[in-house]
Amino acid sequence: MKQITLISLAISLAFTGATAQAKITAEQAAKLKTELTPLGAVRAANKDGSIPAWTGGITQAPAGYKAGDHHIDPYASDNIEYTITSKNLAQYENLLTPGQVKLFNTYPDTYQMNVYKTHRSASYPEHVYQATLDNATRSELVENGNGISNAAVGVPFPQPKDGLEAIWNHIVRYRGEAATRHGGQAAPTANGNYTFVGFQEEMLLPYGIKGASPEELQKNNILFKFKQKVSEPARLAGTALLVHETMDQIKTPRQAWTYNTGQRRVRRAPNVAYDAPGTASDGLRTTDDFDMFNGAPDRYNWTLKGKQELLIPYNDYRLHSDKLKYDDIVHAGHINPEHVRYEKHRVWVVEAELKANTRHTYKKRVFFIDEDSWQIAITDIYDNRDELYRVGVAHGINYYEVPTQWSTLEVFHDLQSRRYIAIGLDNETEMYDFSKEINDKSFTPSALRREGRR
């Protein structure tokens with residue numbers, strides 16, 4: 001069934017390729033109120049009911065939660081339905097990506113998946129749903145898909161007709177209007193030893209501001225602004241990064257600056273993009289791996305392969321809990337599977353193939369995107385020998401005070417070195433703040449210099 005779904009959509013797209021970037025009609029958009037969810041997912045349950053119907057997701061915070069707390073697990077009473085190990089892997093391979101299967105083969109004695117009841121918990125503010133409906137009949141890709149126009153706040157392409165539309169849905173998905181984040185990352189050695197690298201981050205998201213207009217966004221040409229400062233260890237503390245991400249990357253490419261504590265100066269950083277190594281990543285992820293994929297999509301040909309049912313991390317509140325220490329999570333080979341929750345969900349499958357005469361460390365990437373949130377859940381990454389090279393996994397939760405579905409932890413497994421990097425560890429820090437008012441003046445090169453010196 002999975003193979004039929006993928007092939008049938010591929011054939012359909014082959015016949016509609018000439019009009020693949022045309023806007024949808026009002027009649028098609030009206031499906032977002034009936035058979036589809038407001039963001040374009042199938043509203044109904046799957047055939048056997050193992051994926052339930054979407055009924056709105058989490059619409060209020062659990063009792064006892066207050067903003068600023070680590071998020072209470074609304075499904076803490078759920079029991080494990082079954083556990084996948086290397087011994088029973090064959091029974092479940094049709095629900096796994098090739099990369100997930102490879103993780104079982106790489107760590108046959110320790111890697112496992114605990115699978116729980118599926119909850120379609122993704123939810124967003126009503127104005128985001130309305131903005132998505134408005135976008136559906138007007139949003140367009142700019143030249144060669146290196147940007148979007150006539151879109152604001154909501155998902156631009158809730159019924160995508162090609163891979164570029166689908167990946168832009170991920171890039172601009174709603175994550176509030178601004179956020180401050182504390183936490184960090186760990187890149188353990190093969191025996192599990194690691195140094196925690198702490199970050200303080202701020203994000204300003206003009207695209208998601210309630211009432212933002214396509215005209216205003218196109219005039220300013222800013223999707224988001226991001227600032228990151230390293231807080232620990234001492235040898236890296238003060239190193240800082242500033243990024244201005246653009247909406248039309250043909251008009252203005254990404255702008256980036258770094259502050260180096262040794263030189264005590266801010267420099268333009270045009271190489272903070274594509275396959276440049278991520279900050280303090282020990283070479284285990286690229287810059288465009290951050291947030292599972294970010295930046296210009298222009299080095300790849302993008303194909304929408306269809307949908308499939310997949311076991312993906314979901315409602316990972318236990319992994320997010322302040323009851324855990326980093327040592328409880330960061331183990332040799334992979335994070336501790338005891339704390340990870342998997343559920344069955346439908347995902348969009350998008351394949352990115354490196355263009356001829358274009359350079360990138362990754363020759364091919366296959367993205368598995370949660371249909372309810374447009375959050376990339378899994379990415380299988382191939383090298384220039386067409387071999388699986390890395391597997392990226394996003395562990396998502398609903399930040400119900402916003403509300404928005406977003407990852408709490410991203411893990412990139414390097415299959416060749418048998419190492420990984422875990423990005424977003426926040427168990428021992430204060431929680432994200434989506435309510436803090438952040439001034440646009442905080443995202444200038446001079447502000448970056450001040451931040452680095454503190």
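Buried, in what follows, means under 20% relative accessible area. Note that this is a predicted model.

Take Arg-173 to begin with. With a relative accessible area of 2%, Arg-173 is buried, because that value falls under the 20% cut-off. Its salt-bridge partner is Asp-291, at 2.7 Å, N to O. Arg-173 sits in the loop between helix H5 and strand S5, and Asp-291 in the loop between strand S10 and strand S11, so the pair ties together parts that are 118 residues apart in sequence. Asp-291 is buried too, at 9%.

Next, Glu-371 and Arg-120. Their side chains form a salt bridge of 3.4 Å, N to O. This pair links distant parts of the chain, 251 residues apart: Glu-371 is in the loop between strands S13 and S14, Arg-120 in the loop between strand S2 and helix H4. Buried or exposed, Glu-371? Buried, with a relative accessible area of 1%. Arg-120, at 6%, also counts as buried. Both residues belong to a network of salt bridges that includes Lys-307, Arg-346 and Asp-372.

The last pair is Arg-318 with Glu-338, a salt bridge of 3.6 Å, N to O. Arg-318 is in helix H7, while Glu-338 is in the loop between helix H8 and strand S12, 20 residues apart. Here Arg-318 is partly exposed, at 39% relative accessible area, and Glu-338 is partly exposed at 43%.

And how many salt bridges does the count come to? It comes to 24. That's it from me.

Conventions. Residues numbered from 1 in each chain as written. Predicted model: local features only at pLDDT ≥ 70, side-chain atom pairs only at ≥ 80, totals over all residues. Heavy atoms only, no water. Salt bridge = Lys/Arg side-chain N within 4 Å of Asp/Glu carboxyl O. Helix = DSSP H or I, 4+ residues; strand = E, 2+ residues; numbered from the N terminus. Buried < 20%, exposed > 50% of the residue type's maximum accessible area, 1.4 Å probe, protein only.
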